[in-house]
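Reader: Hi! Could you walk me through this one before I set anything up?
Author: Happy to; here it is.

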Amino acid sequence: MSIASRRALLTLIAEAERNGDAAALPFYATPAAEVSAFAARYDLDLSFLNLIMTFATGDVGFWRQVVEALPPGADGRIAAARWIEWLWTDAETGLRNRVGDAVLRASGDRVCDLQRRAAAGEDVARSDWRQVRIRLASRDGGDDVQAAAIEGIAAAAWDLGSAPGAAADMIYAWKAMLFAEVGRDLEWTAEKQSAANERFDRMAASARANADAAVQQARAEGTDVAPEGGPIETTPFYRDAYNKGVADFIAANPSDLDLYGQRTRAAVDNMYRLGRDGLLRQVASLSTAPASMVSA
Amino acid sequence: MANIPSATDATFEEKVLKSDIPVLVDFTAAWCGPCKAMAPAIEDLAREYEGEAAVYLVDIDENPDTRHAQGIMGVPTFMIFNRGELVERFTGSMSRSKLAAALEAAIEAAQ
């Protein structure tokens, strides 16, 4: 990213911060052609942009952190490749630690090796990527946790130049792995999930009733609960009343059936925190390009 | 997804069911956010397997006959056909590697 592109993107981010609206920044449902155009406009590697988009989820502050950490002229593709390797090998988070099969671990290591070489500019043959994907798919994935970890590294077994969404795909497999770990730890069964679903339906009905009653009461007292118009369910007033209904229901009906939802939500929050930190570290590790390239 | 050809009620049989090579069909809709999110992955797959497998989009709103015939209950739904036979079916968002593995298996079986 050149200095001029960096300045232009930081201006766009500042505008989004001022307006409290991240719509100018791409997110998961932005059409691919618009994402590519954004990458070209701001001189960003597309695979790197996909990672930022996935982790930002509309948080302008994260965009600012990444762009400010990006050394002028640095190649985001290298950060994406290093992030893949980090997620595979990290001592705490690493998917590799969840894989017991030595052959599968070696195949995962091979993916990181190919990514490193490709990011360094080597022309890695299409057949090399395909071979490693086939090796990863051809062995029994083992339990749900290991299978999801393998799915994660297989998701990254693509040339990021021709499949720029591959690094971001890893995040979905990572999430599935964390869900599998929660399920394993809680000995979660289909019966428990079914009971949890029923409980959720009752909780939602109770929360809706609470919110509807709050709206009625507020209107009777002359309060405009939807000053900006639109469906009542989308207003902060309704949302707050609904959330209070949920909290009241849980307080009145404590149950272990809520554990799976609580722990998976916590795991996802933690995943985003770790993933963002991991990406920021890879960005900070990039070196500045020579001045002649930076100003180009 | 400008780069992926479409199959329609009128062409589904010819393009998909009578194809000599495996076919991945992406059942989609203009209003489907997850379908849009999957679009780049589908384009990658079409590029990766060009000549070995075909990839088509089917808009379920514009092609109700195909939607009913294939029993599409939600989008995105992905189906892989090999010589007219359905060999894999996935509903919901999924990774390109899972789709790729299924497509690679279909390509291998077709050879």
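**Surface and fold**

Author: This is a predicted model. Chain A exposes about 14,500 Å², and carbon and sulfur atoms supply 52% of that area.

Reader: Nice. And how many residues does chain A have, and what share of them is buried?
Author: Chain A has 296 residues, and buried ones make up 46% of them.

Reader: I have a box to think about. What do the C-alpha atoms of chain A fill?
Author: Taken along the principal axes, they fill a box of roughly 70 × 50 × 30 Å.

Reader: And of the contacts between residues at least 6 apart in sequence, what share joins residues at least 24 apart?
Author: In chain A that share is 73%.

Reader: Switching to charges: how many positive and negative side chains are there in chain A?
Author: Chain A carries 32 positive and 41 negative side chains. The centres of the two sets lie 4 Å apart.

Reader: Back to the surface. Which residues form a nonpolar patch there?
Author: That patch is formed by F27(A), Y28(A) and Y172(A), which together have about 350 Å² of accessible area.

Reader: Where does F27(A) sit?
Author: F27(A) is in the loop between α1 (3-19) and α2 (32-41) of chain A.

Reader: Why does F27(A) count as partly exposed?
Author: Because its relative accessible area is 40%, and partly exposed covers the range between under 20% for buried and over 50% for exposed.

Note on methods: Residues are numbered from 1 along each chain as its sequence is written. Chains are lettered from A and ligands numbered from 1 in the order in which they are written. This is a predicted model: local features need pLDDT of at least 70, side-chain atom pairs count only at pLDDT 80 or more; totals for chains, interfaces and linings use all residues. Side-chain values use heavy atoms; hydrogens and water are left out. Buried means under 20% relative accessible area, exposed over 50%, partly exposed in between (1.4 Å probe, protein chains only). Contact means heavy atoms within 4.5 Å. Accessible areas come from the Shrake-Rupley method with a 1.4 Å probe; for residues, only the protein chains shown count as cover. Lys and Arg count as positive and Asp and Glu as negative; His and the chain ends are not counted. The place of a charge is taken as NZ of Lys, CZ of Arg, CG of Asp or CD of Glu. Patches are made of residues with over 30% relative accessible area and no salt bridge: like charges are joined within 9 Å, nonpolar side chains (Val, Leu, Ile, Met, Phe, Trp, Tyr) within 5 Å. A salt bridge is a side-chain nitrogen of Lys or Arg within 4 Å of a carboxyl oxygen of Asp or Glu. Helices (H or I, at least four residues) and strands (E, at least two) are DSSP runs, numbered from the N terminus.
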